[in-house]
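Me: I have a chain to look over before the group meeting. Can you walk me through it?
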Amino acid sequence: MAKKKLGLEDLGGFVFSTNDDFDESEYTEGGSQEELAPKDQQLEAHFSNKGRGGKTVTIIKGYEGPDEDLIALGKLLKKKCGVGGSTKDGEIIIQGDDREKIMQILKKEGYNVKRVGG
């Protein structure tokens, strides 16, 4: 299934301007996404079993930063919990309802995390 194009970023970031005073250097990409310190991030630990054939998962939402760091954090959580999972669309999905354990790991790593739902 093809992903829908939602914004200019999805279309390659092309912007057209009719302004004669337009300065392209102000709007060019300056590199990678800005990194926030773990203590400055507010993560949410969600429980879900919808759309997964009744299997339970813990979803970590709210991470802001480079995708490489999100993937590394997902690997750390999977390893510490001894379960599988994935990282996609800015979320970490961990198999099983291990919210308490995951929250402890994230707090140890310096993240602010709260339990959401059930």
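Reply: One term to begin with: buried means under 20% relative accessible area, exposed means over 50%, and partly exposed is in between. Arg99 has a relative accessible area of 3%, so Arg99 counts as buried. Note that this is a predicted model.

Me: OK. What pattern does the protein chain follow along the sequence?
Reply: The order is β-β-α-β-β-α-β. That is two helices and five strands.

Me: How many residues are in the protein chain, and what share counts as buried?
Reply: The protein chain has 118 residues, and 25% of them count as buried. Its accessible surface is about 8700 Å², with 47% of that belonging to carbon and sulfur atoms.

Me: Back to Arg99. Which residue forms a salt bridge with it?
Reply: Asp97 does, with 3.3 Å between the closest N and O atoms. Asp97 is partly exposed at 38% relative accessibility, whereas Arg99 is buried.

Me: How many salt bridges does the count come to?
Reply: Three. Another one is Arg115 with Glu100, where the closest N and O atoms are 2.2 Å apart. That pair links distant parts of the chain, with Arg115 in strand β5 and Glu100 in helix α2, 15 residues apart.

Me: Are those two buried or partly exposed?
Reply: Arg115 is partly exposed at 39% relative accessibility, and Glu100 is partly exposed with a relative accessible area of 43%.

Me: And which residue does Glu91 form a salt bridge with?
Reply: Lys61, with the closest N and O atoms 4.0 Å apart. Glu91 is partly exposed at 23%, and Lys61 is partly exposed at 29%.

Me: Which residues does Ile94 touch?
Reply: Leaving out residues up to four places away in sequence, the contacts are Val57, Thr58, Gly74, Leu77, Lys78, Val83, Gly84, Gly85 and Ile102. For one of them, Lys78, the C-alpha atom is 6.6 Å from that of Ile94, and the two residues are 16 apart along the chain.

Me: What share of the contacts between residues at least 6 apart join residues at least 24 apart?
Reply: In the protein chain, 48% of them do.

Me: Switching to aromatics. How many aromatic pairs does a search of the whole structure find?
Reply: One. Tyr63 and Tyr111 form a tilted pair, 6.4 Å centre to centre with 50° between the planes.

Me: Where are those two tyrosines?
Reply: Tyr63 is in the loop between β2 (57-61) and α1 (67-81), and Tyr111 is in the loop between α2 (99-108) and β5 (112-116). They are 48 residues apart, and the pair links distant parts of the chain.

Me: Both in loops, then. Buried or exposed?
Reply: Tyr63 counts as buried at 13% relative accessibility, and Tyr111 is buried with a relative accessible area of 11%.

Me: Last one: what is the phi of Asp89?
Reply: Positive, about 55°, although Asp89 is not a glycine. Asp89 is found in the loop between β3 (85-88) and β4 (91-95). With a relative accessible area of 71%, Asp89 is exposed.

Key. Residues numbered from 1 in each chain as written. Predicted model: local features only at pLDDT ≥ 70, side-chain atom pairs only at ≥ 80, totals over all residues. Heavy atoms only, no water. Helix = DSSP H or I, 4+ residues; strand = E, 2+ residues; numbered from the N terminus. Buried < 20%, exposed > 50% of the residue type's maximum accessible area, 1.4 Å probe, protein only. Phe/Tyr/Trp six-rings, centres within 6.5 Å; stacked < 30°, edge-to-face > 60°. Contact = heavy atoms within 4.5 Å. Areas by Shrake-Rupley, 256 points an atom, 1.4 Å probe, with all protein chains shown as cover. Salt bridge = Lys/Arg side-chain N within 4 Å of Asp/Glu carboxyl O.
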